[in-house]
Each structure stands twice: as C-alpha cells, then as structure tokens.
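Dear colleague,

Please find below the sequence and the structure that I am handing over to you. My findings follow directly after them.

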Amino acid sequence: MEFSSKLLEKAVNEMAQLPGIGKRTALRLVLHLLKQPVEQTAFLSEALVMMRNEIKTCVSCHNISDVEVCEICANEKRNTRLICVVEDVRDVMAIENTGQFKGIYHVLGGKISPIDGIGPGQLTIASLVEKVRLGKVTEIIFALSSTMEGDTTNFYIYKQIKEFDVKTSAIARGISVGDELEYADEVTLGRSIINRIPFENTMKSS
C-alpha cells in the first residue's frame, strides 16, 4: 500500500495494530478522522490517553475499574460469597447484561494455554484459591468458554480448591462447545447461569 504522506502511513500502521483491524480498515478510519473537526480527534486521543494512564484493576476481583474496588464488589446488595470465575472483562459485561447474576466475579485474565505460553502463574488463580482458603466463598461458578483451554483451566482450579468446603458449579451447556461467552445472546447466557450444574457432572459427561 503506497502512501502520499508519511504522517498518514504512520497513523494507519498504528491503527492497524488493533485486533481485527487490517490496513484497509485502518486507512478508512484514519481518513474518516481527517475529515472530522480537529477537536473530535483531540477528544478521542485524550480519552485514550486518560484511560491508559488512569484505569485501575479492582484489588478484589481483578476487573477493570476507575477506583481501587470496582462498583460490583462495592455493591452491598451483591452476594460476595458467590463468585463467578470468568476469563476477562468482556465476560463480566456479557453476564451483567443478562441481569441474572447477583454475586461477584473473579477475572482470571486469560486461560491456561501451554501452546501460547500461558500457565497458572500468569493468571489470578492464586488469589481465588486464597479467597476459598479463608472461607470467604460458598460457591464457585465456572463460566469460562467451552473450549479445551477453558475446560483445562476449570479443572486446574477445581483441583486446587476441592479439599475446601466450597460448592463448585459450571454454567449449563446452553453455550455451544467452542463458543466464547461474549458472543452468546443474553437469554441463553442468563439461562446458563440460572441452570448451572455441579462441576463434577461436567467431568463425567466430558
């Protein structure tokens, strides 16, 4: 792709670093920004810089937040002894949109995937196990995607906490095997949370 401007080329190359954005899409986005008032581009760049510099991670659940403890964990109406284990913030948003879950979350930050060099140490599994060990949890709901990596992560965590007095369950398989939670419709995902099953049953059927 030939560019008439080095500044344009640099902007396109940076935009193309975003996931799902190829060079042609990046060029369209950059040209669109050029057609907008200068203030609009300034607002966008300011919002991105502010987000990058000021956003925090909740000290309790590891969700993205503006403050030390996120709004979900700080909400006194939530059941803090019921924890839904998810991969990342997109899954929190997907489940929250169903309006069916009244507990809190634990964001792992990924899934165990040896082929990608991601082991238990790169995830927030240790802090989850510590919550269980301290007796702060009555039930753990595994809500990772129905992939090999998701199932491996679920089973690893289960082995770490099975000696403690905590109930473990998994979302019902209304979510197709291989699907990511963020792409599930709200009704299906909501029913999967409500109709969750004992985690041991998922191992027998797999």
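**Overall composition**

The protein chain contains nine helices and seven strands; helices (H or I, at least four residues) and strands (E, at least two) are DSSP runs, numbered from the N terminus. Please note that this is a predicted model, in which local features need pLDDT of at least 70 and side-chain atom pairs count only at pLDDT 80 or more, while totals for chains, interfaces and linings use all residues. Residues are numbered from 1 along each chain as its sequence is written, and side-chain values use heavy atoms, with hydrogens and water left out.

Of the 206 residues in the protein chain, 37% count as buried (under 20% relative accessible area; exposed is over 50% and partly exposed in between, with a 1.4 Å probe and protein chains only). Among contacts (heavy atoms within 4.5 Å) between residues at least 6 apart in sequence, 56% join residues at least 24 apart.

In α6 (residues 125-133), the buried residues are Ile125, Leu128, Val129, Lys131 and Val132. These residues lie on the same side of α6, because they cover an arc of only 155° around the axis (taken from the directions from the helix axis to the C-beta atoms). An α-helix has 3.6 residues a turn, so residues three or four places apart point the same way. The cover over the buried residues of α6 includes β3 (79-86), β4 (103-107), β5 (139-142) and α7 (148-161). Glycine 135, with a positive phi near 75°, follows α6.

The axes of α6 and α7 come within 10 Å and cross at roughly 35° (lines fitted to C-alpha atoms, for helices over the stretch in contact, with angles from 0 to 180 degrees between N-to-C directions). On the α6 side, the contact is made by Ile125, Leu128, Val129 and Val132, and on the α7 side by Tyr156, Ile157, Gln160 and Ile161.

**Nonpolar cores**

A nonpolar core is a set of buried Ala, Val, Leu, Ile, Met, Phe, Trp, Tyr and Cys residues joined through side-chain atoms within 4.5 Å. The largest one has 36 residues, of which Cys84, Val85, Val86, Tyr105, Ile140 and Ile157 touch the most other members. Two or more residues come from each of α4 (71-74), β3, α5 (89-98), β4, α6, β5 and α7, and β3 supplies the largest share, five residues. A second, separate core of seven residues includes Phe3, Met15, Ala16 and Ala26.

**Individual residues**

Histidine 106 lies in strand β4 and counts as buried, at 0% relative accessibility. Neighbours within four places in sequence aside, its contacts include Cys61, His62, Cys84, Leu128 and Lys131.

Phenylalanine 199 belongs to helix α9 (residues 199-205) and, at 4% relative accessibility, is also buried. Phenylalanine 199 is 32 residues from lysine 167 in sequence and 8.7 Å from it in space, C-alpha to C-alpha. Beyond four places in sequence, phenylalanine 199 is in contact with Phe142, Asn154, Phe155, Tyr158, Thr168, Ser169 and Ala170.

Lysine 23, in helix α2 (residues 23-35), counts as partly exposed at 40% relative accessibility. Lysine 23 and methionine 1 are 22 residues apart in sequence, with 8.4 Å between them in space, C-alpha to C-alpha. Apart from neighbours within four places in sequence, lysine 23 is in contact with Met1, Val12, Asn13 and Ala16.

Yours sincerely
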